[in-house]
Amino acid sequence: MPAPHYHEEVDELVYGLAGTMTTTVAGSVRQLGPGEQCFIPRGVVHHHTNLGSETATVLTVLTPASIGPAYFRELGALLQAGGPPDPGRVQEIMAKHGLVVA
């Protein structure tokens, strides 16, 4: 897990897949486990730490800040539905927010 850092031009969504970790965002600490997500806006210092001996596995999505939190909410809802996300639905969400490149 990286040392405390921030991104100048991208927002970050961290989605827990397996294991549990602590996520520290702007000094606020919370646990993040499977199926949970954390939105981190650009410019906010954050870092993640594994809890216990189990290695936490997460999906991290970095997106230009112009996209905004609505994209992350929709993507997170799709991931929380369980199972591998439908690629067509992922593309629909990306296209809606101007992210699909032909």
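**Before you start**

This is a predicted model, in which local features need pLDDT of at least 70 and side-chain atom pairs count only at pLDDT 80 or more, while totals for chains, interfaces and linings use all residues. Residues are numbered from 1 along each chain as its sequence is written, and side-chain values use heavy atoms, with hydrogens and water left out.

**Stop 1: the sheet E4-E1-E6**

Select E4, E1 and E6. They form an open sheet of three strands in that order, with antiparallel pairing. Strands (E, at least two residues) and helices (H or I, at least four) are DSSP runs, numbered from the N terminus. Two strands pair if DSSP finds at least two bridges between them.

Look at the edges. Strand E4 (37–40) and strand E6 (57–64) each have a single partner strand, so one side of each has no neighbour in the sheet. On average, neighbouring strands here are turned by 15 degrees against each other, direction ignored. Axes are lines fitted to C-alpha atoms, for helices over the stretch in contact, and angles run from 0 to 180 degrees between N-to-C directions.

Now take strand E1 (residues 10–18). Eight bridges pair E1 with E6 in the antiparallel sense.

**Stop 2: Thr63**

Is Thr63 buried or exposed? Thr63 is buried, at 2% relative accessible area. Buried means under 20% relative accessible area, exposed over 50%, and partly exposed in between (1.4 Å probe, protein chains only). Show its contacts (heavy atoms within 4.5 Å). Not counting residues up to four places away in sequence, Thr63 touches Glu9, Val10, Asp11, Tyr71, Phe72 and Leu99.

**Stop 3**

Select residues 69–80. This is helix H1, which lies across E1, E4 and E6 and runs at about 15 degrees to E1.

Next, select Leu13, Tyr15, Val61, Ile67, Tyr71, Phe72, Leu75, Leu78, Leu79, Val90, Ile93 and Leu99. These 12 residues are the largest nonpolar core. Such a core is a set of buried Ala, Val, Leu, Ile, Met, Phe, Trp, Tyr and Cys residues joined through side-chain atoms within 4.5 Å. E1, H1 and helix H2 (87–96) each supply at least two of its residues. H1 gives the most, with five.

Another core, of seven residues, lies apart from this one; Val14, Leu32, Cys38 and Ala56 are among them.

**Stop 4: the sheet E3-E2-E5**

Select E3, E2 and E5. This is also an open sheet of three strands, in the order E3-E2-E5, with antiparallel pairing. Strand E3 (28–32) and strand E5 (46–50) are the edges, each pairing on one side only. Strand E2 (residues 21–25) runs antiparallel to E5, joined by five bridges. Thr23 stands opposite His48 in E5.

**Stop 5: the salt bridges**

How many salt bridges does a search of the whole structure find? It finds two. A salt bridge here is a side-chain nitrogen of Lys or Arg within 4 Å of a carboxyl oxygen of Asp or Glu.

Pick Lys96 and Glu74: their side chains meet at 3.0 Å, N to O. Lys96 is in helix H2 and Glu74 in helix H1, so the pair ties together parts 22 residues apart in sequence. Lys96 is exposed, at 59%, and Glu74 is partly exposed, at 21%.

Finish on Glu92 and Arg89, whose closest N and O atoms are 3.1 Å apart. Both lie in helix H2, three residues apart, about one turn of the helix.
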